[in-house]
Amino acid sequence: MVRAPDVSQHLATQESEQPDPLSELPQDAALYVALPLDGAEQERLRAVVQGPVWFADADSGSPDDARALATSHIALGNPRPEWVAEAPRLRWLQLASVGIDDYLGLDWPALERRLTVTNLGGLFADPVAETCLAGILALYRGIDVLAGLRADESWARHDVRPGLRLLGGADVLILGRGSIARRLAELLAPFGCTVSHFARSDGDLRTRGELDARLPEFDIVVGLLPGTEQTAGLFDERRIGLLRPGAVFVNAGRGTLADEEALVAALAAGRLGGAVLDVTREEPLPAGHPLWSCPNVILTQHTAGGSRVETQQVLDVFADNWRRLTTGAPLLNTVRWGRGF
C-alpha cells in the first residue's frame, strides 16, 4: 500500500518554494493508464500498484476515460492535456515520453502546486542515437538510393558508386549534450569523427554567435534539443544557409527546430548533402508535403525511440518511480516547467 511520503524527502525533485503534491497522496491511490498494454503487461501494473487501476483507450477520448482520470491520483501515459488540467485529484503523472510539448500550454504555475510530472529522460538514448547513426550512414553509403533502385528493379552501380562518402573523420556538431547526444558521440567515436556540441558546458559552442561562426566547418549537424522558445526556429533560412555545402542535417529532437521550407529549398537545389528527419513540424506529415518527395531525405516518422522492449522499459521506469514514491525517495526525471523540460 502507498503511504504518504515525508514532504522533506521530495523537495529535491521540486523547486524549493513549491509545496509537495505527493504529500497529499492517499493510501488507496487510483492509477489511470493511457498506454496500449497486453494482458501480461496489465497484470504487471496491477501487481506493482496493488490498488484500483483504470486502463483507458489512449485514442478514444471517451467520456468514461475522462471521468476516470478526474478521479485518479496517479496517471501513466500521455492523457489529453485538457483532461489533466481538469483532474483535481491527480498528484503524479508519469509521461510515456521525454517530450512535454503537448502540455506546455497548461497553467503550470497553478498546476505545479498540486501535480508532479515525470518523463522518460534518458530512456531513449540508445535507439535514437542508433537511428541518427543509421540515417547518416544510409545517406553516406547510398543505401536510400539503392533501396529505391531495388524497388524499380534498376541496376545503376556505376552511377551510384562514385558518389558514396566515408563517415570516417567527419566533423560533427551535435546540438545538445543530453543522454542521446552523449550516446551518439560514443557511437561516432570508432569512426574517428571529431564531435563538437552546442550546449552550456565549458568547451562547447555556447552562444548563437559562436554557432554561426562555426557552422560552416561541420560535415554533419545533429539536432537533439528540447522544444523551448529558445530552440524554436533556431535553424532558420539564414542559419541553414551557413551550413557547409554538402552537409547532412539531422533532426531527432523537435520539429520546431528548423525552417522546413528553407531546408527543402537547400536540399532541392543540391546545396546540402541530405537530411535525416525523425521529427517534423506537422505529424503525421500531410499528403503532398514537399518532404515526401524532396531528394536525399530520410524520414523516420518519429520512430527513433522505438524498440521491441520499449513498453517493458516504460513499465520499468514507472515501477522504479513507484518504489521511490512508496519509500519516500525523490522521483526520477521530474519536469521543471519553468525551464520547459
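Before I go on, a word on what we're looking at. This is a predicted model, where local features need pLDDT of at least 70 and side-chain atom pairs count only at pLDDT 80 or more, while totals for chains, interfaces and linings use all residues. Residues are numbered from 1 along each chain as its sequence is written, and side-chain values use heavy atoms, with hydrogens and water left out.

Five strands make an open sheet, in the order E2-E1-E3-E4-E5, and the pairing is parallel. Strands here are DSSP runs of E with at least two residues, helices are H or I runs of at least four, and both are numbered from the N terminus. Two strands pair if DSSP finds at least two bridges between them. At the edges you have E2 (53-55) and E5 (116-118), each with a single partner strand, so one side of each is left without a neighbour in the sheet. Neighbouring strands are turned by 15° against each other on average, direction ignored.

Back to that opening pair. E1, residues 31-34, and E3, residues 74-77, pair in the parallel sense over 4 bridges.

Touching, or contact, means heavy atoms within 4.5 Å.

Walk through it with me. E6 (residues 171-175) and E8 (residues 220-223) pair in the parallel sense over 4 bridges, with Leu173 standing opposite Val221. Further along, 4 bridges join E9 (residues 248-251) to E10, which run parallel, and Phe249 has Ala275 as its bridge partner. Have a look at E10, residues 274-277: Gly274 and Val276 point one way, Ala275 and Leu277 the other way, and all are buried. Buried means under 20% relative accessible area, exposed is over 50%, and partly exposed is in between, with a 1.4 Å probe and protein chains only.

Now the cores. A nonpolar core is a set of buried Ala, Val, Leu, Ile, Met, Phe, Trp, Tyr and Cys residues joined through side-chain atoms within 4.5 Å. The largest one has 50 residues, and Ile220 and Val222 touch the most other members. Helix H6 (residues 125-140) gives the largest share of this core, 8 residues. Leaving aside neighbours within four places in sequence, Val222 is in contact with Cys132, Ile136, Val172, Leu173, Ile174, Leu175, Leu184 and Val250. Apart from that core lies another, of 29 residues, with Phe218, Leu257, Ala266 and Leu272 among them.

How does H6 sit against H9? H6 and H9 (residues 179-188) pack at an angle of about 50°, with their axes 8 Å apart. That makes H6 oblique to H9, since under 35 degrees counts as roughly parallel, over 145 as roughly antiparallel, 65 to 115 as roughly perpendicular and the rest as oblique. Residues making the contact include Cys132 and Leu133 of H6 and Leu184 and Leu187 of H9.

Is Arg239 buried or exposed? Arg239 sits in helix H11, residues 237-241, and is buried, with a relative accessible area of 4%. Not counting residues up to four places away in sequence, Arg239 touches Arg208, Leu211, Asp212, Leu215 and Leu234. Asp320, in helix H14 (residues 310-327), is partly exposed at 23% relative accessible area. The C-alpha atoms of Asp320 and Leu332 are separated by 8.6 Å, with the two residues 12 apart along the chain.

Conventions:
Axes are lines fitted to C-alpha atoms, for helices over the stretch in contact, and angles run from 0 to 180 degrees between N-to-C directions.
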